[in-house]
Structures are given as C-alpha cells and as structure tokens.
Amino acid sequence: MNRIDTHCHVVPDGWRKSCEKYGWGKPDGMPAIPAWSPESHIELMDKINISKSILSITSPGTYLKADDDELANQITQETNDEMAEICAKYPSRFGFFASLPLPDVEGSLKEIDRALDTLGAAGFAIMTNAHGYYPGDPKLDPVFAKLNARKAVIFMHPTECCTPGHADVPKPLDKYPTPMMEYFFDTTRAVVNLLLSGTVTKYHDLTFLVSHCGATIPPLVERFTAFATTILGQKDSLSSTQVKELFRTRFYFDLAGFPFPDLIQGYLTVGDPGRLLYGSDYPYTPEKATIFLSGRMDEGLQELFDDDLIQKIYSGNAREILKL
C-alpha cells in the first residue's frame with residue numbers, strides 16, 4: 001500500500017555543521033549523525049512505496065547552545081530555510097515540519113508566521129523538552145497560543161531529559177544511548193504535562209502527533225489521572241476517560257520504531273487504531289532496518305486490521321491532517 005511518512009528526518013548540511021561545532025556530533029549517545037541526501041531518501045521511499053515524506057529535525061533540535069537565544073534563532077532560521085529549499089526542489093516527494101528556537105518565546109513567535117506564510121511548512125516539530133521546559137510549562141503558553149491561533153500541527157519528537165542549570169549532572173544509565181529507553185520516558189513526560197497542565201483542553205485547535213505508538217503512556221493513564229485528583233487535589237483534573245477521549249480526538253500516534261508485536265497492544269488499550277500514522281524514522285533508523293521494519297509493520301497490521309483501516313494508517317490520516 002501507498003504510505004506517507006510523518007516521522008522521518010533530514011540532515012541539512014548547515015545543521016550538521018552546527019551540531020558538530022556545538023558538541024552534538026554524537027547526539028544523545030548515538031555513534032554519529034547519519035549520512036543523508038534527498039536522493040538516497042527518495043531511493044528508499046521508492047523501495048517501500050512511500051509517496052511523500054514529511055521531513056523534520058530530530059534531537060537535539062536547533063537550540064544547540066544553552067542560554068544563547070541569538071544563536072538558536074540563527075540556526076533555526078537557516079535550518080528551516082534549508083528544509084524549505086529541499087522541499088521546493090522535490091515538492092511531490094517532501095514536505096517539512098519547521099523547527100522552533102524553544103525555549104526562546106519571542107524568537108519562536110516570529111518563526112511560526114515565517115515558517116507557515118513564507119516557507120510553506122506543514123506544521124512544527126518540537127522536542128519533548130526544550131532545555132528542561134516541557135510542553136505545558138507556563139513559560140511556553142504564548143507559543144502554544146500562537147500555534148493554536150494558526151491551527152497548527154505539532155509533531156513532538158523525543159529528546160534527552162534535561163534540567164535547567166544542571167547540564168553537568170550525569171544522565172541515568174548513560175552507558176546506553178538515550179533513544180534506547182529514555183526517549184520513551186521523555187515522550188511520556190511531555191504528553192502527561194500537556195494534559196495535566198490543561199494545555200490540550202485550553203487550546204482547542206492544536207493537533208498533536210506523538211512518536212513511537214504512545215511510548216510508555218498507556219499503562220500510566222489510570223495512575224497519573226487518579227494521582228492528580230486524589231493526591232494532588234486537582235479538582236478540575238482530567239479523568240482517565242477524558243484523557244482517552246482526547247487521545248481519540250486531538251492526538252495521532254505514529255508507528256516509528258518497534259511497535260510490533262507488543263507495544264501496539266498497549267496502545268490499543270487507550271487509543272484508537274484509526275489515529276495511527278506511518279513513520280520510518282529514517283535515516284536514524286538505517287535503510288536495511290527501515291526496510292525490515294516496513295515488512296514487519298505490514299505483517300503486524302494485517303494481523304490486526306482490515307485493508308481499509310490499514311490504508312488509513314498508511315496514508316489516509318496523513319492526507320487529512322496535512323491537507324495533502
């Protein structure tokens with residue numbers, strides 16, 4: 001079946017050089033930033049029947065030096081320009097989610113309009129935390145208000161957990177690359193904070209795309225909703241039923257990574273299969289692994305769903321969200 005890939009990445013030359021310059025040549029404990037070119041990406045797409053890929057910058061994002069808003073804005077603008085140029089060269093194959101220089105609020109507000117009105121971005125890719133500020137933090141409210149006014153699509157990509165002012169504190173189990181486990185935990189932190197802070201219900205016109213089939217969220221829904229009410233005394237906090245309804249109406253969840261055979265089962269306890277999206281995570285998932293996982297996804301989906309629903313997962317939802 002035809003696929004539209006909403007979770008895949010781009011490595012523009014300028015962004016790569018900036019990452020290497022500012023200490024991100026081995027991001028989140030990975031061996032290196034992978035090689036990438038539009039031509040190699042399109043070649044892979046043709047092998048596994050991907051008609052269009054929505055490119056985005058992955059972790060660490062574009063705020064590469066702590067407390068340097070000016071540099072972050074420069075890198076963000078240059079990177080978004082590079083992505084727009086790639087998409088303009090291959091308009092039928094690529095779209096992109098623009099980056100924002102979070103946690104810089106003013107810079108992000110300016111870049112939202114520029115990315116949508118001048119560059120033609122399909123939405124925005126934000127990290128699950130911006131130097132320790134998680135989606136739902138009051139500091140970021142003006143940004144979410146602006147995104148809401150623009151009815152934006154927000155793709156949340158995991159990054160490493162960070163606490164402001166404690167950059168030198170060792171990461172837990174740092175002998176393992178962050179994507180191995182910690183990405184899932186940070187995704188969970190971001191989504192839970194969005195929900196418990198009231199951000200999701202306050203800003204009705206935002207659409208959230210969550211990575212990796214809901215990460216570690218599903219088994220925690222009953223716990224964090226009950227905890228917020230009974231322990232923290234948040235009288236207006238969402239119930240588990242309300243959270244599940246929001247998952248089925250305001251959120252989509254991609255299948256990048258290893259959702260089969262187990263992770264998908266957890267997702268289905270709280271989420272709607274009709275809210276799933278295809279994702280490859282290429283090139284951070286290498287080509288051979290991407291092709292293998294594509295076949296495993298075909299098998300897993302066919303075991304669970306009919307062809308109409310599979311087509312919706314592979315491309316129909318993305319067409320609707322992104323107005324393709």
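In this tour, Lys and Arg count as positive and Asp and Glu as negative, while His and the chain ends are not counted. The place of a charge is taken as NZ of Lys, CZ of Arg, CG of Asp or CD of Glu.

The model is predicted: local features need pLDDT of at least 70, side-chain atom pairs count only at pLDDT 80 or more, and totals for chains, interfaces and linings use all residues. Residues are numbered from 1 along each chain as its sequence is written, and side-chain values use heavy atoms, with hydrogens and water left out.

First, select the charged side chains. The protein has 31 positive and 43 negative ones, and the centres of the two sets lie 1 Å apart.

Next, display the whole chain as a cartoon. It shows 12 helices and eight strands (DSSP runs, numbered from the N terminus: helices are H or I with at least four residues, strands E with at least two). Along the principal axes, the C-alpha atoms fill a box of roughly 55 × 50 × 40 Å. Of the 324 residues, 54% count as buried (under 20% relative accessible area, with a 1.4 Å probe and protein chains only).

Now select residues 105-119, which form helix 4. This helix of 15 residues reaches 20 Å from its first C-alpha to its last, close to the 21 Å expected at 1.5 Å a residue (1.5 Å times one less than its number of residues).

Which residues of helix 4 are buried? They are Val105, Gly107, Ser108, Glu111, Ile112, Ala115 and Leu119.

How values were computed. Buried means under 20% relative accessible area, exposed over 50%, partly exposed in between (1.4 Å probe, protein chains only).
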